Amino acid sequence: MTEREGKSQGGWQLNCPVSLRDYAECVTLAHGEGGRLSRKLIQDRILKILQPVASQSLDDSTRLPHSGQPLAMTTDSFVVTPLFFPGGDIGSLAIYGTVNDLAVSGARPRWLTLSLIIEEGLPLAVLERILESVARAAGETAVQVVAGDTKVVPRGAVDGLFINTAGVGELLEPVPPGPAQLQAGDELIVSGPLGQHGMAVMAVREELGIEPLPQSDSGSLYPAVEQLRLTLGTRIRCLRDATRGGVAAVLHEWAEVCGKTLSIEERTLPVTPEVRGISELLGLDPLHIANEGTMLLAVEQGVAAEAVAQLQMIPGMERASRIGVVRERGVAPVTVQRTLGAEQPLADPLGSPLPRIC
């Protein structure tokens, strides 16, 4: 029986006790029950949109080619609200976030899994718009979606849509050794303005009414990491995308690992006027606000100028800046030289000023 015939008989099929009447525009619990509607959702909505970047197999697992390279693997979950924010959405955020975790680990992103946890009632038009964003981001970053899963949960169980990913990449030599190898004299660099993602989400969620709205920096870091790897090689100590907790959280994590003091200067921090304005209005420090396409890196002494020049040639990283230096351990693990004051300890954030930002 066709869907049209089913509707003509009060919206019910003779062989299926499930009404089709309400399925035209929204996701329902039946879409997640593994039957015909599940197959239609996957084949007609999800795989159709992801076709350029996704495996079309519906097997329980996928086979990956043997690359001959050591592999890196990561996983992440994305629960941002709202689903759409200035500069991005949960779909592209899921791809970029996973790709960036691999990139800063020294890996070339290759394969991803994509699991969707959908709230009953989510308009199919919204789901399709997000999937189109997933496809664009995956194509841009040259990663293939090789496996996935779809679950539908009752209203109120999630906030529209949650996405879980796992990513696999090939490690490329030289792999940055990590923060344990930081030495006194090493220089600290950020690749772009601070706090844009967290402020973009906050501005729309809290309806701050600020014009122009801050734009999220959500994007791929792999081109920048690849450029640095090719030009600086083993002179890179460590890399990290500064997401939840912002740059301050990464600085404290590195300081704890290496046992030294990481000292930065406030006057060198790149901050957009929009983020600076909201920060002053709400009493927040941009160092504590989340980023989604900005990274912190440490390089050997004397290399910062070359690293900054390389980053500034990459679109979106024109404001890359050397922000500080590594010292032998002093009175605090992380310090900041304020523009109008003395050097102060920089607080280790207990959590994000705003939850649900990624």
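Tutor: Start with a pair. Strand 3 and strand 8 (residues 161–171) run antiparallel and are joined by eight bridges. Two strands pair if DSSP finds at least two bridges between them. Helices (H or I, at least four residues) and strands (E, at least two) are DSSP runs, numbered from the N terminus. This is a predicted model: local features need pLDDT of at least 70, side-chain atom pairs count only at pLDDT 80 or more, and totals for chains, interfaces and linings use all residues. Residues are numbered from 1 along each chain as its sequence is written, and side-chain values use heavy atoms, without hydrogens and water.

Student: Which residue of strand 8 is the bridge partner of Leu-71?

Tutor: Glu-170.

Student: In what order do the four strands lie?

Tutor: The order is 3-8-6-7, in an open sheet with mixed pairing. Strand 3 (71–78) and strand 7 (144–153) each have a single partner strand, so one side of each lacks a neighbour in the sheet. From one strand to the next, the twist averages 15°.

Student: What does helix 3 touch?

Tutor: Contact means heavy atoms within 4.5 Å. Helix 3 (residues 90–103) packs on the sheet and touches strand 3, strand 6 (107–119) and strand 8. Angles run from 0 to 180 degrees between N-to-C directions, with axes fitted to C-alpha atoms, for helices over the stretch in contact. The direction of helix 3 makes about 30° with that of strand 8.

Student: Now the single residue. Where does Thr-231 lie?

Tutor: Thr-231 is in helix 6 (residues 222–232). Beyond neighbours within four places in sequence, Thr-231 is in contact with Glu-306 and Gln-310.
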